Amino acid sequence: MSKTNESISLIINGLKYKIKVDPDTPLLFVLRDNLGLCATRYGCGEATCGACTVIVDGQAVMSCDISLGAVAEKSVQTAEGMQAMPSHPLLESFIKYQAGQCGYCLTGILMASKALLEKEPLATRKRIAEVLDSNLCRCGAHARILDAVEEAGKFMSKGL
């Protein structure tokens, strides 16, 4: 039997999906091409820029470097999932601090930040910078991004 005939189940942004795709297909391509979830960006295709960052079972991962088969039966969060929460502290603080210019890297940075703050809402600025080190931003918004993540963490630590 061909691998392309396998159905793989997973949960994306709280919705259950059964996808019939070669399990070796990178998650990034399944999200964008099969499911139309285009907030997750293709950057380098080599897991070095962070534009494709999503959250899988609470961990920030680069979706260009993980296969669909590796996330079978797991929960995946993409930036589209944050749209259901328009007042999410990260979205609010990124807007407040204008923490993005071109926006290409922004969804990856948001997902990496969300994964961090869900575990460590009061992460230090140094810790935030360490976590976001693998997310490239060429616009020079780094200080505003750090400010935004710090502020969102304060709100998240209070359960807001």
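**Figure 1. The area buried between domain 1 and domain 2 of this predicted model****.** About 1200 Å² is buried between the two domains, and carbon and sulfur atoms give 54% of that. Buried area here is the accessible area (1.4 Å probe) that two parts lose on being put together, summed over both. In domain 1, look for R41, T53 and I55: these residues lose the most area to domain 2, together 32% of what that side buries.

**Figure 2. Residues on the domain 1 side.** Both β3 (53–56) and β4 (59–62) supply at least two residues of the side of domain 1 that touches domain 2; strands are DSSP runs of E, at least two residues, and helices are runs of H or I, at least four, numbered from the N terminus. By class, this side has nine nonpolar, nine polar and one charged residues.

**Figure 3. The two domains together.** Domain 1 covers 8–79 and domain 2 covers 85–157, with bounds from an automatic or database domain assignment. The contact (heavy atoms within 4.5 Å) takes 19 residues from domain 1 and 13 residues from domain 2.

**Figure 4. The fold along the chain.** Five helices and five strands make up the pattern β-β-α-β-β-β-α-α-α-α, read along the sequence. The C-alpha atoms fill a box of roughly 50 × 30 × 25 Å, taken along the principal axes.

**Notes.** Residues are numbered from 1 along each chain as its sequence is written, and side-chain values use heavy atoms, leaving out hydrogens and water. Because the model is predicted, local features need pLDDT of at least 70 and side-chain atom pairs count only at pLDDT 80 or more, while totals for chains, interfaces and linings use all residues.

Methods: Nonpolar A, V, L, I, M, F, W, Y, C, P; charged D, E, K, R; others polar.
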